[in-house]
Amino acid sequence: MAVCTGLIVANLYYCQPLIVLIANEFKIPEANAGTITYLTQAGYAIGLFFMVPLGDKIERKKQILMTTLASVIALIIAATAKSFFILQIASLLIGITSIVPQLILPLAASLTSQEQRGKVIGTIMSGLLVGILLSRTLSGFIGQVLGWRSMFWIAAGICLLIFFAIQKKFPVNKPQFSGTYGQLIQSLFTLIKTQPVLREATLINVFCFAQFGAFWTTMVLLLSGAPFNFNSATIGLFGIVGASGALAAPLVGKMGDKGNPRVAVGYGCLLMLISFIIFYFSIESVIGVIIGIVFIDIGIQGVHISNQTRVYSLVPEARNRLNTVFMSFSFLGTAAGSAYGLLLWKIGQWHAVAIGCALLAILALIVYSVTFKSKSKTIETAN
């Protein structure tokens, strides 16, 4: 499950190191080419909201297989796009069909005991995070050597192999919701209204994912310009730095099993704030950028895994729908963050990006502080 999750979520991020190459082929400004990054994230949010809830209504393995096959088709459209407009449409479709990780996670949670759930989620999330971060390294290298279209062809082939692996290895998992699709979607709003932990965890995630999206989109623009002037292959190598931090994911999940996972959320938010302070002073320092990447990736893991563990503990029979609310808004945050980062880049380039993202980190900490209750551990255990 961890391997499939990592390989499929990578589809969302292949485009980031390729922005410059795509801009050159279609003869458009790099900032305009960057729109495919937030279109992909927006598509992911759409897929999360409208498709992931179906996992509580239809058989999960069947849904995962159908979605994986649709992802193959979307990637082929991107690889053969004759205009930038078609590539934008394909990017939206890639996002919509790359929701498989968010179908796998509730499936894993449903197969796991309460005592082991945080560790299992952390293990699968480590695969997801490695996929996110190493996708940039692979994409940058393939783009530089074979061209950006080759990356989408390779991704389509990977997803086709995953389709057969899932078909052979994944267990059948029956749903528990018997209502209509309309009732299923309506129940999302009921969950938002009745679950304060869901609201708090989701809002914190929105601010943190926005920082993550803004950083990884604008980092390409920073490293491709003076004084670095790195090519796409070199830029992609920075994903390895982030992937090293992903090894902390199972540890974060295990810590959540032993205590209050909310504590790790606070530390994660603080690490993300520190990372942008480091980034601000690293406009000409590779070492500074590397240190900042380690901080931001460990921080986002602490926030996301801990919040996800908390959310999955609320209403067991509605895990897909809880995940829908939680992840839809989180990736809307990523999409908005990518657009926000590009806007900040136009206003004041890297320093503006660092300041703007630090403000988002402060907002996340404010939400965390305002919603803090000393008895939160007791409440969440009861839930």
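Trainee: Which residues form the nonpolar patch on the surface?
Mentor: In this predicted model, the patch is made of Ile 73, Ile 77, Phe 85, Ile 86, Ile 89 and Leu 93. Together they have about 500 Å² of accessible area.

Trainee: Which helices supply at least two residues each?
Mentor: Those are α5, residues 60–79, and α6, residues 84–97. The largest share, four residues, comes from α6.

Trainee: Take Ile 86. Where is its place, and what does it count as at 33% relative accessibility?
Mentor: Ile 86 sits in helix α6.

Trainee: Switching to charges. How many salt bridges does a search of the whole structure find?
Mentor: Two. In one of them, Glu 25 pairs with Arg 149, and the closest N and O atoms are 2.7 Å apart. That pair links distant parts of the chain, with Glu 25 in helix α2 (residues 19–26) and Arg 149 in helix α9 (residues 148–169), 124 residues apart.

Trainee: What can side chains of opposite charge do when their charged atoms come close?
Mentor: They can pair.

Trainee: Back to α15. Where in the chain is that helix, and is Gln 301 in it buried or exposed?
Mentor: Helix α15 covers residues 286–312, and Gln 301 belongs to it. Gln 301 is at 1% relative accessibility, so it counts as buried.

Trainee: What lies 3.0 Å from a polar atom of its side chain?
Mentor: The backbone oxygen of Asp 297.

Trainee: Another one, Ser 330. Where is it found, and is it buried or exposed?
Mentor: Ser 330 is in helix α16. It is buried, because its relative accessibility is 0%.

Trainee: What does Ser 330 touch, not counting residues up to four places away in sequence?
Mentor: Asn 205, Val 206 and Phe 209. With Asn 205 there is also a polar contact of 3.1 Å between the two side chains.

Trainee: Rings next. How many aromatic pairs does the structure hold?
Mentor: There are 18. One of them is Tyr 44 with Phe 331, an edge-to-face pair with 4.2 Å centre to centre and 70 degrees between the planes.

Trainee: Which parts does that pair tie together?
Mentor: Tyr 44 is in helix α4 (residues 35–50) and Phe 331 is in helix α16 (residues 319–370), so the pair ties together parts that are 287 residues apart in sequence. Both Tyr 44 and Phe 331 are buried.

Trainee: And why is the pair of Phe 228 and Phe 230 tilted?
Mentor: Their planes are at 40 degrees, with the ring centres 5.6 Å apart, so the pair is tilted. Phe 228 is buried at 10% relative accessibility, whereas Phe 230 is partly exposed at 22%.

Trainee: Which residues do ring pairs link into a cluster?
Mentor: Phe 212, Phe 215, Trp 216, Phe 276, Phe 279 and Trp 350.

Trainee: Now backbone geometry. Which residues does a cis peptide bond join?
Mentor: Ala 226 and Pro 227, with omega about 5 degrees. Pro 227 is in the loop between α11 (196–224) and α12 (232–245).

Trainee: What about Asn 229: what is its phi?
Mentor: Its phi is positive, about 55 degrees, although Asn 229 is not a glycine. It lies in the loop between α11 and α12. At a relative accessible area of 53%, Asn 229 is exposed.

Trainee: Where is Gln 349 found, and what is its phi near?
Mentor: Gln 349 is in helix α16. Its phi is near 50 degrees, a positive value in a residue other than glycine. Gln 349 counts as partly exposed, at 46% relative accessibility.

Definitions and conventions
Residues are numbered from 1 along each chain as its sequence is written. This is a predicted model: local features need pLDDT of at least 70, side-chain atom pairs count only at pLDDT 80 or more; totals for chains, interfaces and linings use all residues. Side-chain values use heavy atoms; hydrogens and water are left out. Buried means under 20% relative accessible area, exposed over 50%, partly exposed in between (1.4 Å probe, protein chains only). A polar contact is a pair of N or O atoms within 3.5 Å; within protein, one must be able to donate a hydrogen and the other to accept it, and residues adjacent in sequence count only if both atoms are side-chain atoms. Patches are made of residues with over 30% relative accessible area and no salt bridge: like charges are joined within 9 Å, nonpolar side chains (Val, Leu, Ile, Met, Phe, Trp, Tyr) within 5 Å. Accessible areas come from the Shrake-Rupley method with a 1.4 Å probe; for residues, only the protein chains shown count as cover. A salt bridge is a side-chain nitrogen of Lys or Arg within 4 Å of a carboxyl oxygen of Asp or Glu. Rings of Phe, Tyr and Trp (its six-membered ring) pair if their centres lie within 6.5 Å; planes under 30 degrees apart count as stacked, over 60 as edge-to-face and the rest as tilted. Contact means heavy atoms within 4.5 Å.
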